[in-house]
Amino acid sequence: MEQSYKRGLISDRELYDTVWKNVFQGKLTYLHWNKGEAMAPTIGEQASTLLVRKIPIADPTLAATEGYEMVSNDEKDEPFVLEKDQCWVLADNDKLKPKEAKDSRLFGPVSMTDIVGRVIYSLRTAVDHGPVLNSHYSMRKDSSLLEIELDVNDMMKNHTA
């Protein structure tokens, strides 16, 4: 199936970079299977096949990064400050208890180098799929990549419900 692209949506530089990276360095995205409700409502509560954009450096708009003081709701826990290259990640689903959420409240700070991608597309079923709502800046950066690398049929082949 041939895709057509609207002129002006993808700059010559973005096209060149994408062709260079795909032909000589591989794709800029990968598929990941996700199950669980920790990221609902952003991704959904049911099993999803996710298209993840590889990122060389984590976007610092996480829950907390280096220098933030972390204070627990539990009086027994001592406050602490996140160290250099650490971040605190939280599940999107605020209805979950910390142990159910499987986020930093359970396993602690995460090294920034462990953040390897940003989910840009979620496929839940053949009719329920679409771009993931990230920051306006990130979505604008990801739109041209979605036009080039998104293959819903390939995602369906790899989807496990």
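**Charges and rings in a predicted model**

In this predicted model, E78 sits in the loop that runs between β4 (69-70) and β5 (80-81).

Me: Why is E78 called exposed?
Reply: The relative accessibility of E78 is 65%, and exposed means over 50%, so E78 counts as exposed. E78 also belongs to a surface patch of negative charge, together with D74, E75 and D77.

Me: What makes R53 and D142 a salt bridge?
Reply: Their side chains meet at 2.7 Å, N to O. The cut-off is 4 Å, so the pair of R53 and D142 qualifies. R53 lies in strand β2 (residues 48-54) and D142 in helix α4 (residues 136-149), so the bridge ties together parts that are 89 residues apart in sequence. R53 and D142 are both buried.

Me: Which residues are linked with R53 in a network of salt bridges?
Reply: R118 and D142. R118 forms a salt bridge with D142, with the closest N and O atoms 2.8 Å apart. Since R118 lies in strand β8 (residues 117-123) and D142 in helix α4, this pair joins parts 24 residues apart in sequence.

Me: How do you know whether D103 is buried or exposed?
Reply: D103 has a relative accessible area of 2%. Buried means under 20%, so D103 is buried. R105, which forms a salt bridge with D103, is partly exposed at 37%.

Me: Why is the pair of F80 and W88 called tilted?
Reply: The ring planes of F80 and W88 are at 55°. Stacked needs under 30 degrees and edge-to-face over 60, so the pair is tilted. The ring centres are 5.7 Å apart. F80 is partly exposed at 32% relative accessibility, whereas W88 is buried at 12%.

Key:
Residues numbered from 1 in each chain as written. Predicted model: local features only at pLDDT ≥ 70, side-chain atom pairs only at ≥ 80, totals over all residues. Heavy atoms only, no water. Patch = residues over 30% accessible without salt bridge, like charges linked within 9 Å, V, L, I, M, F, W, Y side chains within 5 Å. Areas by Shrake-Rupley, 256 points an atom, 1.4 Å probe, with all protein chains shown as cover. Lys, Arg positive; Asp, Glu negative; His and termini not counted. Charge placed at Lys NZ, Arg CZ, Asp CG, Glu CD. Helix = DSSP H or I, 4+ residues; strand = E, 2+ residues; numbered from the N terminus. Buried < 20%, exposed > 50% of the residue type's maximum accessible area, 1.4 Å probe, protein only. Phe/Tyr/Trp six-rings, centres within 6.5 Å; stacked < 30°, edge-to-face > 60°.
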